[in-house]
Amino acid sequence: MTSAPSSVGTRARVASILVGMLVAALPAAPVAASPGTGSAAAQAGSAARHRPVPPHVVGDQTVPAYSYADAIRESVWVQTRADSDGDGVRDRVAVDLVRPREAAAAGVRVPVIMDASPYYLCCGRGNESELKTYDANGVIAKAPLFYDNYFVPRGYAFAAVDLAGTARSTGCEDVGGPAEVDSATAVIDWLNGRARAYTADGRPVSAAWSTGQVGMIGKSWDGSVANGVAATGVPGLATIVPISAISSWYDYMRYQGVLRSTDYPGYLHSYVNGRDDEACADVLARLRADSGEETGDYNRFWAQRDYRPSADRVRASVFVAHGLNDLNVTTNQFADWWQELADEGVPRKLWLYQAGHEDPFDVRRAEWVAALHRWFDYWLQGLRNGVMDEPRVDLETAPGTWTTQRDWPAPGTRDVRIALGDGDGVTGTLGGRGARPGQERAYVDESLTEAELVAEPSTATGGRLVFLSGTLTTALRISGSPSVRLRIRVDRPTTELTARLVDYGTAERLQYGSSEGVRTLNTESCWGASTDVDDACYRDTEEITDGTDHAVLTRGWLDAAHHRSLRLRTPLLPDRWYTVTVPLNAYDAVLPAGHVLGLVLGQSDPEFTETDDRDATVRVDLGGSELILPIAGRASLPVVDVAPPVRTAPADPSAARMARDTRPVP
């Protein structure tokens, strides 16, 4: 793990951002500074002190001072730099705005909360799949989610942006690529006077009502766009709140060289693209050709959709939220991005929860709305409410049990190398002296489901290798990104390698199945003001829990021929030993005393991936292999020579096999 940046550097960056916010919030015609009047920060502070306090600010928070029913609702089309459909005309993206009328009448400029999405007309947003609706003149009447209902009365504007090629925007969807990111970036440019926008009848329109300060928010694809826009360093983007979001599209559609699903970029394009097939045929063809499906390599196509290397360009603060059991947008998406941001000293905050691909609004609603309110007040309104002085991380450690901590991974976490032992010849061991060099175990690919792989670990089952720790005598905290280092020999040019960490022991856990660990109730709660066509009320939710005898904590996949580099395949020679590393997705969990930690190795994984490289035999040199486990605190695995017997309920793989028939969308 890399070390955190100095607090001095982080404070300087925060101060710089806040000074920019104060300057942006000043009246449109500021008085020129005379020579010798001091620094820009001092001038901005002095001007801010003499500014009238707007009615939506009371103390260190915003309050609902404006009418939501009377808010200005308008639709504009912002011209981008791209011509993604190749028709000779720059793309124009539809921006539906809701902003306080009283503030506009009084000349009070307001910041903007923005959700840029491909889903507004095709698929819906939120737990109730809300769509945009329009009045007879084509002006926004209902925007999905609660952001406009809650924040517009508190002195914010809300912008619901149709990404290029979707809904009412022109252009073509390029799935996380330059045109998509540019379509959202152009809106921020327009809000800061650097781009043009037009009404439906072609009249130019400005955003003189805006302070230029923008906060992007969104779940899944929407949050992924926010990550991409932040990575451009566009001025005016003050903060982003990516929820269950992608930071590298390669890692979303490829698991270390293994295809998640065939024709995935093309599938996602067709799922959301709002244009006819002929207009975007060339874009779709390029998506399919350039993504390199035949190799699984990381290439230029994927580099354009990888936002992590540009973390040094991020000027915005970042509030990340992610489910620890998200199997749609896996946890490495937040963890790798989080570490890159930390290395660059980006001001940041993190919520981690037990659910899967869920919005925290449907996990811990009241607390989430309050946290967003304070975050946006600080970063968009410049209110010193102390939010950056609080613990950086909110973490759900068990269903309904939350704690805070200084950072993530948990402070004091260290990578512990755990040897693999031969055990009793059926089940190997984790910890202890480990196997002698050259001591081998072999397994043949049988395309087992996850349920088949991890159930009844003390029973001999073809197609897997199982290694168990001793029974834990004290609680064990895992926090971070594990990996498995294997010395292997394979009788094929490549095979898929999979690894899982399993918590064996009875506990009350969230249940996922066809849900994400959360069920929707018949009751409602309201978050903001409403109109006849856009209410602020949403059905309540609760976590689904049950006592189970084991749970898969985290998973990892690798195409063995990509063991040297994701940019190039290196086929394996059948008579040669190779050392490969299978990274597992980031996780955070406490295994109680009395439980057993398991490592389960398999090969092709029909629930999660697609591959033609099957039926290989893999020989593992146990003495040259190890589990690398991020452990918080002083706890460690007990020394064990023979794994303890572990019994679980029999596997029922039928539901998993059926689930493979559908592909997730971010």
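Biologist: How many salt bridges does a search of the whole structure find?

Modeller: The search finds 34 salt bridges, and keep in mind that this is a predicted model.

Biologist: What makes Arg-99 and Glu-74 a salt bridge?

Modeller: Their closest N and O atoms are 2.6 Å apart, and the cut-off is within 4 Å, so the pair counts as a salt bridge. Arg-99 lies in strand S4 and Glu-74 in strand S3, so the pair ties together parts that are 25 residues apart in sequence. Both Arg-99 and Glu-74 are buried.

Biologist: Good! And what joins Asp-621 to Arg-487?

Modeller: A salt bridge does, with the closest N and O atoms 2.7 Å apart. Because Asp-621 sits in strand S31 and Arg-487 in strand S23, this pair ties together parts that are 134 residues apart in sequence.

Biologist: Why is Asp-621 called buried?

Modeller: Asp-621 has 3% relative accessibility, and buried means under 20%, so Asp-621 counts as buried.

Biologist: Why does Arg-487 count as partly exposed?

Modeller: Its relative accessibility is 28%. Partly exposed lies between buried, under 20%, and exposed, over 50%, so Arg-487 counts as partly exposed.

Biologist: Which residues make the contact?

Modeller: Pro-265, Gly-266, His-269 and Ser-270 of H8 meet Val-283, Leu-284, Leu-287 and Arg-288 of H9. Of these residues, four are nonpolar, three polar and one charged.

Notes:
Residues are numbered from 1 along each chain as its sequence is written. This is a predicted model: local features need pLDDT of at least 70, side-chain atom pairs count only at pLDDT 80 or more; totals for chains, interfaces and linings use all residues. Side-chain values use heavy atoms; hydrogens and water are left out. Contact means heavy atoms within 4.5 Å. Helices (H or I, at least four residues) and strands (E, at least two) are DSSP runs, numbered from the N terminus. Ala, Val, Leu, Ile, Met, Phe, Trp, Tyr, Cys and Pro count as nonpolar, Asp, Glu, Lys and Arg as charged, and the others, Gly among them, as polar. A salt bridge is a side-chain nitrogen of Lys or Arg within 4 Å of a carboxyl oxygen of Asp or Glu. Buried means under 20% relative accessible area, exposed over 50%, partly exposed in between (1.4 Å probe, protein chains only).
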